Amino acid sequence: MAADDVDEEEEFGFSRNYFLAKESSGSGKKSTSKVSDIDVVDEQELVAAMSEIKPKHEKEIAALRDGYRGSYSQWVFELRCGFGMLFYGFGSKKALLEDFASMALTDYSVVVVNGYLPSINTKQVVLGLAQVLWDLLKTKRKTPAASVSKMKEPSGSQSLDELILFLNGPWVEEKDFFICVVIHNIDGPGLRDSDTQQCLARIAACSHTRIIASIDHVNAPLLWDKKMVDTQFNWYWHHTPTFEPYKYEGMFFPLILAHGNTTQSAETATIVLQSLTPNAQSVFRVLAEHQMAHPNEEGMPISSLYSTCRERFLVSSQVTLNSHLTEFKDHELVKMRKNSEGEDCLHIPLPTEALEKLLKDIA
């Protein structure tokens, strides 16, 4: 008991001294500094300074990635067994997954989804997968004649359920016929909501798809319930730290120590456009060229954009154009305005100089 009393007295003395110290410090002169008084560096200066930082341990990082190549055959075997593959560990896995796809998945069609983008149109992803499967079934002649007659070509007018049903159709009897879907950061900002994860789980459960994904957020596993993990995604977990910088994944996060300007927006737009189809890039180019030629207008009317794109054989219908515009809006590449005549116009929220550089970068 005596020892316990001594411990309590020491604890009480420590607590008392702590509060006495707080009181004495509070009676002194307080700082008048504010966060707003911090002299924040210009963004271009910060980016330039960061670009001069020399990467470290390049040889070790390259050796680590080469070491993973010895596991490629095992990873392919796991895909053929019906597993989805989930890669986790410190460092960007983007280069690793793309190297795996280019070297070991040459016998399969591969679709890449950049989950680190700020927003992603899930239906467009599903439609893209369905169209890839449709082309495979038609060109490779892997389906019986009876099944071909029952198939309907996937289109944007179909519902999400119909497209997923097509991906899961009994078109081919062989089990080794599937599309590999590489998702960089399945836990990315544009994919974290419950509905999107449910949709991805349904895609993973389809007979003609296999998911190969990476995660980086510490709470990423909380996105899924037991059914999604064990039955739909059917994850095979791989700890693959690469220690590579998050060059692309971090592109969309604002630089905290810098003043915001259009440089970051233009770079972000470039990366987003490079991830879209060539046709979508061409449609965006038409819009950008019109805006640069008519800087004083509210934007380009949708009807004019459709006419121009149709003349250049970029779109075949209004539905096709609308699907491109939906992607642009989701990624905040364009804004809607009304002109003096009340028409809906499309405007790219970038100055002319940034637009010119953007068009050169995606050329």
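Let's start with L287, which touches M300, L305, V334, L346 and I348, leaving aside residues up to four places away in sequence. Contact here means heavy atoms within 4.5 Å. L287 sits in helix α12, residues 278–293. Helices (H or I, at least four residues) and strands (E, at least two) are DSSP runs, numbered from the N terminus. L287 is buried, at 1% relative accessible area. For the cut-offs: buried is under 20% relative accessible area, exposed is over 50%, and partly exposed is in between, with a 1.4 Å probe and protein chains only. L287 and L305 are 18 residues apart in sequence, and their C-alpha atoms are 7.0 Å apart in space.

A word on the source. This is a predicted model, where local features need pLDDT of at least 70, side-chain atom pairs count only at pLDDT 80 or more, and totals for chains, interfaces and linings use all residues. Residues are numbered from 1 along each chain as its sequence is written, and side-chain values use heavy atoms, with hydrogens and water left out.

Next, the sheet with β6. Three strands form an open sheet, in the order β6-β8-β7, with antiparallel pairing. Two strands count as paired if DSSP finds at least two bridges between them. Which strands stand at the edges? They are β6 (300–301) and β7 (335–338); each has a single partner strand, so one side of each is left without a neighbour in the sheet. β6 and strand β8, residues 344–347, are joined by two bridges and run antiparallel. In that pairing P301 stands opposite C345 in β8.

Now strand β4, residues 209–214. Buried or exposed? Six of its six residues are buried, so β4 is largely enclosed by the rest of the structure. In a regular strand the side chains alternate between the two faces of the sheet. From β4, T209, I211 and A213 point one way, while R210, I212 and S214 point the other way, and all are buried.

β4 has parallel partners. β1 joins β4 through three bridges, running parallel, and F87 stands opposite S214 in β4. Strand β3, residues 179–184, pairs with β4 in the parallel sense over five bridges. There, V181 stands opposite I211. β3, helix α9 (residues 194–204) and β4 make a right-handed β-α-β unit. Right-handed means that, with the strands pointing away from the viewer, the path from the first strand over the helix to the second runs clockwise.

R210 also lies over the face of F178, at 4.4 Å from the ring centre. K94 lies over the face of Y248, at 4.7 Å. The test is NZ of Lys or CZ of Arg within 6 Å of the ring centre and within 35 degrees of the ring normal.

Last, aromatics. How many aromatic pairs does a search of the whole structure find? It finds 14. Rings of Phe, Tyr and Trp (its six-membered ring) pair if their centres lie within 6.5 Å; planes under 30 degrees apart are stacked, over 60 edge-to-face, and the rest tilted. F83 and Y236 are edge-to-face, at 5.3 Å centre to centre and 85 degrees between the planes. This pair links distant parts of the chain, 153 residues apart: F83 in the loop between α4 (72–80) and β1 (84–88), Y236 in strand β5 (residues 235–239). F83 is partly exposed at 28% relative accessibility, and Y236 is partly exposed at 33%. One aromatic cluster is formed by Y72, W75, F87 and F100.
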